[in-house]
Amino acid sequence: MSAPASHVGPGDPTTEGARARSQGRPKDACPHPAGSQARTAWLEGYDGAPADRAPDAPNENG
C-alpha cells in the first residue's frame with residue numbers, strides 16, 4: 001500500500017520552510033539545529049528571501 005498523495009517526505013529545507021509558513025506553523029517550528037545550513041535554508045524558505053539579502057529600503061513616496 002502506498003502513502004497518501006498529500007504526504008510529502010523530507011526534501012529541500014527551503015521548500016520545507018515555505019510549506020511550514022503556508023500551513024500556518026510558527027517560525028520556531030524549524031526542525032534543524034541552530035547554526036546549520038539546513039536551518040538557514042529552512043528560514044529563508046519560511047521568510048521568502050535569502051538570509052544574506054538586506055531588507056528593502058522604505059518607499060520614499062509612501
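Serine 22 sits in helix α1, where helices are DSSP runs of H or I with at least four residues, strands are E runs of at least two, and numbering starts at the N terminus. This is a predicted model: local features need pLDDT of at least 70, side-chain atom pairs count only at pLDDT 80 or more, and totals for chains, interfaces and linings use all residues. Residues are numbered from 1 along each chain as its sequence is written, and side-chain values use heavy atoms, leaving out hydrogens and water.

**Exercise 1.** Work out whether serine 22 is buried or exposed.

*Solution.* Start with the cut-offs: buried is under 20% relative accessible area, exposed is over 50%, and partly exposed lies in between (1.4 Å probe, protein chains only). Serine 22 has 62% relative accessibility, so it counts as exposed.

**Exercise 2.** Describe how α1 and α2 cross.

*Solution.* First, get the axes, which are lines fitted to C-alpha atoms over the stretch in contact, with angles from 0 to 180 degrees between N-to-C directions. Those of α1 (residues 13-22) and α2 (residues 37-47) come within 6 Å and cross at roughly 40 degrees. Next, classify: under 35 degrees is roughly parallel, over 145 roughly antiparallel, 65 to 115 roughly perpendicular, and the rest oblique. So α1 and α2 are oblique to each other.

**Exercise 3.** Summarise the secondary structure of the protein chain.

*Solution.* Tally the elements: two helices and zero strands.
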